[in-house]
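Have the model open as you read.

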Amino acid sequence: MPTAEPVPAPEHVAVIGAGMVGLATAWFLQERGIQVTVLDRTGVAAGASWGNAGWLTPGITTPLPEPAVLRYGLRALLSPSSPVYVPPRADPRLLKFLTGFALHSTQAKWQAAMAAYIPMNRRAFEAYDALAAGGVGSVAHEAKSFMAAYRTEAERSVLLDELGHIRSAGQEIEFDVLTGAEAREVEPSLSDTVGAAIRLHGQRFVNPGQYVHALADAVRARGASIV
């Protein structure tokens, strides 16, 4: 039986997009000796990478469709004060998307997706460490006080349940369950209305715009063109 011919490694790759994903892809391609050209319609960090909050949180990176979404999702989608409000309209594509989202919001689907997430989450920080060791002139800082604050213990229960599912799926996440008073000892700026909190450990953050521009500088210094 004839064997397949080995596929030769590419010598030159074009990467579309000069945001975090595109530039990180370019950098790691360069690590393998590949010449790279990065193409972007506007420039470095001109879109979502600039506006991103900059949290690096593999411990709580999970599939968005989950059983809890079915409990509060429709109410949130239809509430104008919700951050995920979708104005009701007769849009077949929107209805198809929402139907598919609902069908995937089951425990079995969530577990299957988590099995794919966990290996990537475990390697997330070592990728940033490799970028730092390779000369990227911006760093990922430890988030020493990553706090989720709530008015009541009942409001906190949603995240607490999710953290339990994350641990049971095999993903490492360390956290403290705090009272409002304990949370204010850590973060004095919290108001008296905070009655419960969760403090996460082992996560990081970056200044998104600064970091992506530093990554672009490193990619250019290694011989890439950003067009």
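S2 and S9 run parallel and are joined by two bridges; strands count as paired here if DSSP finds at least two bridges between them. Strands are DSSP runs of E with at least two residues, helices are runs of H or I with at least four residues, and both are numbered from the N terminus. A word on the source: this is a predicted model, with local features needing pLDDT of at least 70 and side-chain atom pairs counting only at pLDDT 80 or more, while totals for chains, interfaces and linings use all residues. Residues are numbered from 1 along each chain as its sequence is written, and side-chain values use heavy atoms, leaving out hydrogens and water.

S2 also runs parallel to S1, this time with five bridges, and His 12 stands opposite Gln 35 in S2. To get from S1 to S2 the chain goes through H1, and this β-α-β crossover is right-handed (clockwise from the first strand over the helix to the second, with the strands pointing away from the viewer).

Now for two of the helices. The expected span is 1.5 Å times one less than the number of residues.

| Helix | Residues | End-to-end C-alpha distance | Expected span |
|---|---|---|---|
| H1 | 20-31 (twelve residues) | 17 Å | 16 Å |

What does H1 pack against? Its buried residues (under 20% relative accessible area, 1.4 Å probe, protein chains only) pack against S1, S2, H5, H8 and S9, with contact meaning heavy atoms within 4.5 Å. Among those buried residues are Leu 23, Trp 27 and Gln 30. Just after H1, Gly 33 takes a positive phi of about 80°.

H5 has a kink of about 35° centred on Ala 124, where the bend is the angle between axes fitted to the seven residues ending there and the seven starting there. Its buried residues include Trp 110, Met 114, Ile 118 and Asn 121. An α-helix has 3.6 residues a turn, so residues three or four places apart point the same way. The buried residues of H5 pack against H1, S3, H6, S8 and H8. Just after H5, Gly 135 has a positive phi of about 105°.

Finally, Ser 49 in H2 (residues 48-51). Ser 49 counts as buried because its relative accessibility is 17%. A polar atom of its side chain lies 2.8 Å from the backbone nitrogen of Met 20. Leaving out residues up to four places away in sequence, Ser 49 touches Gly 19, Met 20, Pro 208, Gly 209 and Val 212.

Definitions and conventions:
Buried < 20%, exposed > 50% of the residue type's maximum accessible area, 1.4 Å probe, protein only. Polar contact = N/O pair within 3.5 Å; in protein donor to acceptor, adjacent residues only side chain to side chain.
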